[in-house]
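Q: Could you walk me through this one slowly? I am new to reading structures.

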Amino acid sequence: EQGQRGWDLGPHLALPGISRWNAMEYDEKLARFRQAHLNPFNKELGPKQHEQGPSEETLPELPPGEPGFHCSERVMDLGLSEDHFSRPVGLFLASDVQQLQQAIEECKQVILELPEQSEKQKDAVVRLIHLRLKLQELKDPNEDEPNIRVLLEHRFYKEKSKSVKQTCDKCNTIIWGLIQTWYTCTGCYYRCHSKCLSLISKPCVSSKVSHQAEYELNICPETGLDSQDYRCAECRVPISLRGVPSEARQCDYTGQYYCSHCHWNDLAVIPARVVHNWDFEPRKVSRCSLRYLALMVSRPVLRLREINPLLFNYVEELVEIRKLRQDILLMKPYFITCKEAMEARLLLQLQDRQHFVENDEMYSIQDLLDVHLGRLGCSLTETHTLFAKHIKLDCERCQAKGFVCELCREGDVLFPFDSHTSVCADCSAVFHRDCYYDNSTTCPKCARLNLRKQSLLQEPDPDLDA
């Protein structure tokens, strides 16, 4: 049989200690072994040669000069025959896409023909993975990919890091940075392979944050899986609570159901539970909700006095924070009219919380989280002390803008942010708290201003007299 490959000991090789009959039996077994372990990628064997086995009387012989191992140049050998014929992993003869695709298809066929859970089948699977990675590298070269891609309001930048292990947000598989190109959205930090960019169907959540920055303030507003037509709320694949064909996972923020590719059981603090129940326990949310909540965490969009005014009665820390914020707002006019304060940039102490120098009503989720952890009260007290020290001790210009109580005309210079003072709501004059509430008369400054207005109205106009 001319198509067989392997080593032929033949009758000319004398084995010591083996009789002629034993030698013939040995050669027959060796021929059967070679017939059962033919190289599956050798395409030169005809169908008849595969069907015919070695005869019991006739031993196979190789023609003179036939090599013991043959590897076709057209087809890549993956070493799936005998172990001593195996090539090292990663040594591929195929150098173009067509050869790699052909080798991949042949490797798939070999995997199906090999016994289940066998070592050879496992080795074949490993080689198939290397083939696919090599094919992906040829199809997706780094130098051909642009550095910036804009898609559905995403602004993707090509990543240069090769060693960081990431997961693609679209296909939920690992990004092999050494051989695959991947992108990250600068707005929502969405990561994906370059091949997955064309499959993205959801717009960037940063656009929603910039155009409609508001929270869902109903606790887990579930409407039922039937309202979604038993499909994922994001990618619209069929889902079911029984996990057939895909498991339905609920997002605690939106109340909707998602598939396992769009919901990775990530945990996040739910704003509705915080403002209504002061509950900071993380709940499971979808990937889209996780990115949205991450972008919204520092945005001051919660007006607690309107959403839940009773929260200040149960959380004492919020009352202290509100008082400190009100004092800082009273200090702000001193700083914007003080040259030294402007040069020292004291207001930049609150650059991470700019809304604290604009109003005392708006809060962000990060503010409430820091209040819960006890961090905001300490940092805001230090800033309050620094501001008060500049106004009352360090700066003479700011000291000159203090007030003297016009009711008792005694004591030190008063400032509106002092704890023992009261401020007139009409003229902003500052008095001792006890003096202001004990005196039943009107504010002296307000009375003086009213007399001045009346005198101006009563004075005759010299133009009219003329």
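Q: Which residues have the most contacts inside the largest nonpolar core?

A: The largest nonpolar core has 55 residues, and those with the most contacts inside it are Tyr253, Trp278, Leu304, Leu318, Leu368 and Ile391. A nonpolar core here is a set of buried Ala, Val, Leu, Ile, Met, Phe, Trp, Tyr and Cys residues joined through side-chain atoms within 4.5 Å, where buried means under 20% relative accessible area, exposed over 50%, and partly exposed in between, with a 1.4 Å probe and protein chains only. This is a predicted model, in which local features need pLDDT of at least 70, side-chain atom pairs count only at pLDDT 80 or more, and totals for chains, interfaces and linings use all residues. Residues are numbered from 1 along each chain as its sequence is written, and side-chain values use heavy atoms, with hydrogens and water left out.

Q: And where does this core lie?

A: Domain 3 (213-297) and domain 4 (310-395) both give residues to this core, so it lies between them; the domain bounds come from an automatic or database domain assignment.

Q: What is Leu304 in contact with?

A: Leaving aside neighbours within four places in sequence, Leu304 is in contact with residues including Val275, Phe312, Leu318 and Leu368, contact meaning heavy atoms within 4.5 Å.

Q: Is Asn308 buried or exposed?

A: Asn308 counts as buried, because its relative accessibility is 14%. Its place is in the loop between α8 (304-307) and α9, with helices (H or I, at least four residues) and strands (E, at least two) being DSSP runs numbered from the N terminus. Not counting residues up to four places away in sequence, Asn308 touches Val275 and His276.

Q: Changing topic, in what order do the strands of the open sheet come?

A: The four strands of the open sheet come in the order β1-β2-β5-β6, with antiparallel pairing, and two strands pair if DSSP finds at least two bridges between them. The edge strands are β1 and β6 (191-193), each of which pairs on one side only.

Q: How many bridges join β1 to β2?

A: Four bridges join β1 (residues 148-151) to β2, and Leu151 has His154 as its bridge partner in β2. These two strands form a hairpin with two residues between them, and Leu152 in the turn has a positive phi of about 50°.

Q: Which residues of β2 are on the covered face?

A: His154, Phe156 and Lys158 are on the covered face of β2, whereas Arg155 and Tyr157 are on the uncovered one. Tyr157 also stands opposite Thr184 in β5.
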